[in-house]
Amino acid sequence: QPVIGAALPAHDLSVSFEFFPPKTEAMQAQLWDCIQRLEPLAPAFVSVTYGAGGSTRERTHETVARIRQETRLEPAAHLTCVAASRDEVDAVARAYWESGVRHIVALRGDPPEAGTRYAPHPEGYAFALDLVQGLRRVADFEISVAAYPEGHPEAPSLEADIDTLKRKIDAGATRAITQFFFDVDAYRRFMDRVAAANITVPIVPGILPVVGFATAKRFAGACGASVPAWMDELFDGLDNDPETRKLIAAALAVEQCRLLMADGVRDFHFYTLNRPDLVQAICHALGVRPQAAHGSHGA
Ligand code: FAD
C-alpha cells in the first residue's frame, strides 16, 4: 500500500479543477484568489459549473470568459439541459464557441428545486446524451460527461448507468469525470464495469477535499455517494476544530489519490469549492508543483 513519502513519479500526473461562478463581490474575490493560487499548478483544464435550472447562465459565461482573457488556463464550461429549449441551449453553446471556448462539460442537470422530480423541458434536450448529440451539431467541441462510481441516484441499475455512460461516449464525449466518492473500492468495481463495457476514454476521478464533514455528508446523501463509517470516526470531535480538520482532510485526500495512483490513475479532477488551500496541499503532496511557464494569472 502506498504511504506518504513513497517515491511516486508525479511528472505524468494531470490535474484539473472545478470552480463555481460567484454570486457576490466577496465571492468573486475569493474565486480569483483561488484561481491565482492554483494556476501555477498548470492544470489540464479548469471547469466552471452551471447552476441548477440554468440560474447561473450569465455568471458561468462571465467567469469562463474572464478565465480565458486573464489567465493561461483552458476553461471548460458546464452546460445542462434543465429549463431551457434546445434552441436556447444551442445558442449558449454557440456563444461559447464564438468566444473561443472549446471544452464543454455536458450534463443533464438537476431540477431547480431540490427534492422534486426531473422533468425535461418540452422543447429541451431530455438527457445528457441528447445534449452531447446537440453539441456535436453546433461545433467541434471537446466534450466531457459525468459518471457515477456508485451509480446515479435515479438509475434503475448500475448496468443501466454504465449503458448511459457508454452511449454518451459513443455520441462523442472524450472524457468522463466522476461524481466524488470516498470508497476507493467502489471506484475500482466501477472501473471493472467500465472496462467490461469497452469504454476506453479516460474516467477521471472527482476528488472532494472535505472542507466540512457535515456538508460533505449532505452532498454525498444528495448524489448517492457513500460515506464509510470510518470517516465518521476520523472526523469525530473536529466540528469546532477547523485547523485539525483541514490537516485530516488533506491526509485523507492524499491517501485516496495515492491508492488510485497505485491502480494506475494519472488524472485527477478536484472539486475546489473555490477554496485553494486543501487542493494546493494535496497537489503538493502528490508531487504536482508550480510550473514557471504558468506564473500567476495575468502574467
Ligand atoms: P444523464 O447522463 O442524462 O443521466 C441522468 C439519469 O438518467 C441517470 O440515472 C441515467 O441512467 C438516466 N438516463 C439517461 N438516459 C436515459 C434515457 N434515455 N431514459 C431513461 N433514463 C435515462 N449539475 C448541475 O446542475 N450543474 C453542473 O454544473 C453540474 N456539474 C457536474 C459535474 C460532474 C463532474 C458531475 C458528476 C455532476 C454534475 N452535476 C451538475 C450534477 C448532474 O447534473 C446530476 O448528477 C444529474 O442528476 C445527472 O446528470 P448527467 O449528466 O449524469 O445525466
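Predicted model: local features only at pLDDT ≥ 70, side-chain atom pairs only at ≥ 80, totals over all residues.
Visitor: Which residue of β5 stands opposite Ala106?

Guide: β4 and β5, the latter covering residues 142-147, pair in the parallel sense over four bridges. The residue of β5 opposite Ala106 is Val145.

Visitor: Which element gives the most residues to the shell around the ligand?

Guide: The ligand is surrounded by 24 residues, the closest being Thr49, His78, Arg108, Ala128 and Ala146. Two or more residues each come from β3 (75-80), β4 (103-107), α4 (128-138), α5 (158-170) and β6 (175-180). The greatest contribution, four residues, is that of α5.

Visitor: How many residues of the shell around the ligand are charged?

Guide: The shell around the ligand includes 11 nonpolar residues and eight polar ones. The number of charged residues in this shell is five.

Visitor: Are α4 and α5 roughly parallel or roughly antiparallel?

Guide: The axes of α4 and α5 come within 9 Å and cross at roughly 5 degrees. Angles under 35 degrees count as roughly parallel. The orientation of α4 to α5 is therefore roughly parallel.

Visitor: Which residues of α5 make the contact with α4?

Guide: On the α4 side, the contact is made by Ala128, Leu129 and Val132. The residues of this contact divide into three nonpolar, one polar and two charged. From α5, the contributors are Thr164, Arg167 and Lys168.

Visitor: Why are α9 and α10 described as oblique to each other?

Guide: The axes of helix α9 (residues 242-262) and helix α10 (residues 276-286) come within 9 Å and cross at roughly 45 degrees. Roughly parallel requires an angle under 35 degrees, and roughly perpendicular one of 65 to 115. The relation of α9 to α10 is therefore oblique.

Visitor: How many residues of the contact of α9 with α10 are nonpolar?

Guide: α9 passes α10 in a right-handed crossing. The contact includes Ala249, Ala253 and Cys257 of α9 and Leu278, Ala281 and Ile282 of α10. The residues of the contact comprise two charged and no polar, and the number of nonpolar ones is 10.

Terms used
Residues numbered from 1 in each chain as written. Near = placed C-beta within 6 Å. Nonpolar A, V, L, I, M, F, W, Y, C, P; charged D, E, K, R; others polar. Axes fitted to C-alpha atoms, helices over the stretch in contact; angles between N-to-C directions. Parallel < 35°, antiparallel > 145°, perpendicular 65-115°, else oblique. Contact = placed C-beta atoms within 7 Å. Pairing = 2+ DSSP bridges. Left-handed = near helix turned anticlockwise from the far one by under 90°.
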